[in-house]
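Here is a short briefing on salt bridges. Take a look at the structure, then read on.

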Amino acid sequence: MDFTLSEWVNLAGEGSLADAAVKQQAEETGMTVEAVRATMHSHLCCMQEAVQSGLDEKLRSVSGLSGGQAALFLKRMQEGKLLGGRLLGKAEVYAMATAECNACMGKIVAAPTAGACGILPGTILAMMEESDVSEEQAVDALFVAAAVGQSIATQASISGAEGGCQAECGSAAAMAAAALAYLEGGTPQQCADAAAFAIMNLLGLVCDPVGGLVEVPCVYRNVGSCGVAFTAADMVLSGIRCPIAPDEVILAMKEVGDALPASLRETGDGGCAACASVRARLKANTL
Amino acid sequence: MKETFTPKDDMTMDLFDLIGPVMIGPSSSHTAGAARIGLTARLLLNEDVCKAEVGFHGSFAKTYRGHGTDRAIVGGLMGMAVDDPRLRDSLTLARESGMDVCFDVVNIRGAHPNTVRLTLTGVSGKELTMEAASVGGGNIEIHKLNGLNVDFTGKEHTLIIHQTDAPGVIAAVTGALAGQSINIANMQVYRRKAGADAMMVLELDGAPEDYVLESLKHMKAIRNVTFLKRRPC
Ligand code: SF4
């Protein structure tokens, strides 16, 4: 099996994409279905802990570039003032908390990478708290996300150094979009379409970490990518079909990634990383 | 900053490579991989480290402070795994435990951008030098051990034999493993020149019993035997 999205959709058939992914994982690794689910459940708990530590207002990274921002964001949400509403707002706050936890050397779950680790947990945990999603459903949704991630990793890349940030935040948004579509009762094909819409929206996104550190713009992209995941899911749930086969969109991402110059693939030499003011600040900070 | 993840090369699919690993941030290559390198070196030395010289090359040299690469390496040298929250405070913990650590920037010609060179002294005076690279997604490769070129990852059960290049050593080792019905997945032999210092690295499907390792140690041409268990995470 090559793990394309269309193969996952076929594998799920009339059943659920989550069950297909759990079964496949058990077969490939020799673990029992129960053990596979238990591992994902422990990852879910770890995601919750990462959010909590990321919301600490006193948190600071070694470079001083991040930490404490999620706490500000949370306050605005609690005041009911976030423009996008509470569900999306909470996803974004939690995504930022996770990304800041990561930047500050906290414990996180790579999803699919450490740099993009906030998007999927932010989305899933917000659905648990604001939309009555149970732990079991959340675990299922994580498997749907993982299956999508596998398709992208196999056909394109989930590495910023290889494919730019579209491969990291783009992949994470695609995984989260499919998970959301799943949680809202979408079919396996709709999950695949949601993933494709998310990638379309982030296609070409460059990897340009300031000072080579996973902080700026990474933390902020974790926030913004949540919005892409929600809109992608909303589109498919409205009955909108992706006009291009989802696997082709993944291949487009690969092609775009290959065409990106080295300066925009994690070298810290282009994009945000090349701005004169941040360079000067970094120098003064003796990184 | 991370991950040159290439599942295309992997035989099996593992969805926990996509959601996972659980790790201390911020970077799987610059933090998690670095901790793994430190831990692997500690296991190879097979005793507590009392002195460590750490040389950072390439991208590691540029960003090791901001990514906590220094803390991750030292934490690994103290036996911490990639998800150990103490990694963050490892420099203080090392100082408190009397471990002598110094960091340096080195330039190793032709080396992978995320390479580190470790020169270690253990509590009994045992020494080890190692060059290893963090190649993405938390995966590592050991490229040099005590001056000899090698190539292994520590992901599988790994048996490392340091010997004097002589006829019969390879047969004795593979024979001992066959006696235990242990399959050899991969085997490499490295030597400086004929009849000199040599090293054998075998990746195994199973773990040999301790007495087998002991008996190998007593062979005339064999100087040292180290066994690294498959990395749990
Ligand atoms: S900008 Fe680069 S380092 Fe940052 S999250 Fe995106 S891919 Fe990762």
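The side chains of Lys23(A) and Glu27(A) form a salt bridge, at 3.9 Å from N to O. A salt bridge here is a side-chain nitrogen of Lys or Arg within 4 Å of a carboxyl oxygen of Asp or Glu. By this rule there are 19 salt bridges over all chains.

This is a predicted model, in which local features need pLDDT of at least 70 and side-chain atom pairs count only at pLDDT 80 or more, while totals for chains, interfaces and linings use all residues. Residues are numbered from 1 along each chain as its sequence is written, chains are lettered from A in the order in which they are written, and side-chain values use heavy atoms, with hydrogens and water left out.

**Chain A**

- Lys23(A) and Glu27(A) both sit in helix α2 (residues 17–29), four residues apart, about one turn of the helix. Helices are DSSP runs (H or I, at least four residues) and strands are too (E, at least two), numbered from the N terminus.
- Both Lys23(A) and Glu27(A) are exposed. Exposed means over 50% relative accessible area, buried under 20%, and partly exposed in between (1.4 Å probe, protein chains only).
- A network of salt bridges links Arg86(A), Lys90(A), Glu129(A) and Glu130(A).

**Chain B**

- Arg223(B) and Asp197(B) meet through their side chains in a salt bridge of 2.7 Å, N to O. Arg223(B) lies in strand β11 and Asp197(B) in strand β10 (residues 197–204), so the pair ties together parts 26 residues apart in sequence.
- Asp197(B) is buried, at 13% relative accessible area. Arg223(B) is partly exposed, at 48%.
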